Amino acid sequence: MLPDGARKGEHMTSADVVRRFLLDPRSYLKLRAAEGPAAVIAEVEGHDAGAECAGSEPLPPLDAVDLVETHLSLVALVSDRVVKVKKPVHYEFVDLRTLAARWRVCEDEVRLNRRLAPGVYLGVVPITEAPGGLEFNGAGAVAEYAVLMRRLPCERTLEALLGSGEVTPAVIERLGCLLAQFHAETVPVDPEEAAAWPRRMERNCAENFHETRQFLGVTLDGDLDDFIQRQTQRFLEAAEPLFRQRIAALRIRECHGDLRLEHIYLTEPIAIIDCVEFSDRFRNVDTAADLAFLSMELGLHGYHDLNRRLLESYRAASGDKHLARLLNFYRSYYAYVRGKVVSLRLQGNGPQGAERSSLLDRAQRLFVLAGSYALGLPRPLCVVVFGLMGSGKSTLARALAQRLCWPLLQSDAERKAAEPGAPPPAAEAIRAPYAQGEYSSARRNAVYDRLAEHARAYLAAGQSVVLDATYSRRAWRREITARVREASGSICFVERRASEATIRRRLRKREREGRSLSDGRLDLFDAHRADYEPPDEIDPTMLLRVTTEEREEAVREAESFLRRSASARWRGDWPEGGPAR
């Protein structure tokens, strides 16, 4: 029911009038002068807005207004405040054509976002008719409603701070614990709605696949789309018992629904804004799905270690033992949805020139990301790229990890990562004869052990990973296979091969340029080749041998192999009795 003073007729103030009103800094003078009374701003627990109005510190001056338009709102950024007005739009997922609908969504936005951003959402303010135009909270008929917010510093978003060094493991672990607490305290959905979760995911996926047909050959590769659809269908069929366990454990809850990097502010306390207020369907989800959206964002931008720490801290705080088995499915789903949304912006008279090219690239990257997460079904996948020194394995491993947006673990980097406080190895230890110094059996075993442990940690957190090392001994290959299985992961091997002439040429160039991370040298090659044990113990369905020297072709071969081997990775993985533990 609309508040007193709200107009109930069909006539509406035009969007242009509202836009001009929001763009005029003078429109906000009365709002700032009156800010604080309960008639204007709903009371916020622990925040005395009236004291601010009459207090000792002067209010910041009103300057030019920045007006940002989204698909649902006009957002005015003015001084230290944000004013959001809903547009009278109608989409499949929301109908805001009436004033009553826009008022309800404004009220929901304030109520729901106060859960993770207390003190930021100040209330709902009426925009009323006045002589000559509009005003905030006047005596005239209500023309619109606006959400009033404190303006948070844009330089404090997680998106802005990533890469600055300020987002430390401790900070991201704190965020993981905050989200676990939020999910524990938020409301479980109605039992009947929760029971429909598996069917809802099936419908959502089917709708997505239908709606993206128009983008095949434009932003979405047909073979990639076929693979994503097959993997999605396999998961939905096999995971029915797991979904039932989620429902019984009350894991389907009223969540945030849009945990983007730009919505998270590393202020004190941490504030998370802009939840999905307009649709129960998008907000009432599995808590693992809510977390997966943020995890997908971190993975897309290459922050794999922080991503792992986020997932580990959340799992420890929430006790969610099924998290790792669900993340790749939900991340693939959300990456696909994002790819679809970006593709839709390219339709009709959409952006042109450089902006269009940027959107094309982004949509393609998101669909590839959806496919890379689908590769990690039904279990997170460890891809071991191995072979002789100089064979090109590190180049292939780097390119493959970059293509898939997966963490890359390299034996050369692990070898050079000295223990805290330990001096770097002496030059003579590095230049020692084969199997001596830094490359003695004991040191090499230690490096492979640490590499396997790092891989296990990523897989246990639900993240697929690429490993780069010679893995020249069967014992090392068997050990990494065992460690992967301990972490409930799957494993594939890609052996990089090259002719002896090519390898010798590369090793001579490496020594001449001196820029390689590897210490492999031409004078060690013969002994290394003699020491190399062929991978005849590996299941042929899990092994690819790559001989092409062209990097992009090698990456395509490896990615195609990983898709083909997906069927074998499903066999016996989730028996009829339920998901494997």
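In the predicted model, Thr 98 is located in the loop between strand S5 (94–95) and helix H4 (99–113). Its relative accessible area of 42% places Thr 98 in the partly exposed class.

In total, 52 salt bridges were counted. Glu 207 in helix H8 (residues 197–211) and Arg 281 in helix H11 (residues 280–283) are 74 residues apart, and their side chains meet at 2.9 Å, N to O. Glu 207 is partly exposed, at 30% relative accessibility, and Arg 281 is likewise partly exposed at 30%. A network of salt bridges with shared partners joins Lys 84, Lys 86, Glu 109, Asp 274 and Glu 277. Within helix H1 (residues 15–23), Asp 16 and Arg 19 are separated by about one helical turn because they lie three residues apart; their salt bridge spans 3.5 Å, N to O.

Strands S1 (residues 66–69) and S2 (residues 73–78) run antiparallel and are joined by four bridges, with a hairpin of three residues connecting them. Asp 66 has Leu 77 of S2 as its bridge partner.

A positive surface patch comprises Arg 505, Arg 508, Lys 509 and Arg 512. Arg 512, in helix H21 (residues 500–513), is exposed, with a relative accessible area of 62%.

Note on methods. Residues are numbered from 1 along each chain as its sequence is written. This is a predicted model: local features need pLDDT of at least 70, side-chain atom pairs count only at pLDDT 80 or more; totals for chains, interfaces and linings use all residues. Side-chain values use heavy atoms; hydrogens and water are left out. Patches are made of residues with over 30% relative accessible area and no salt bridge: like charges are joined within 9 Å, nonpolar side chains (Val, Leu, Ile, Met, Phe, Trp, Tyr) within 5 Å. Accessible areas come from the Shrake-Rupley method with a 1.4 Å probe; for residues, only the protein chains shown count as cover. A salt bridge is a side-chain nitrogen of Lys or Arg within 4 Å of a carboxyl oxygen of Asp or Glu. Lys and Arg count as positive and Asp and Glu as negative; His and the chain ends are not counted. The place of a charge is taken as NZ of Lys, CZ of Arg, CG of Asp or CD of Glu. Helices (H or I, at least four residues) and strands (E, at least two) are DSSP runs, numbered from the N terminus. Buried means under 20% relative accessible area, exposed over 50%, partly exposed in between (1.4 Å probe, protein chains only). Two strands pair if DSSP finds at least two bridges between them.
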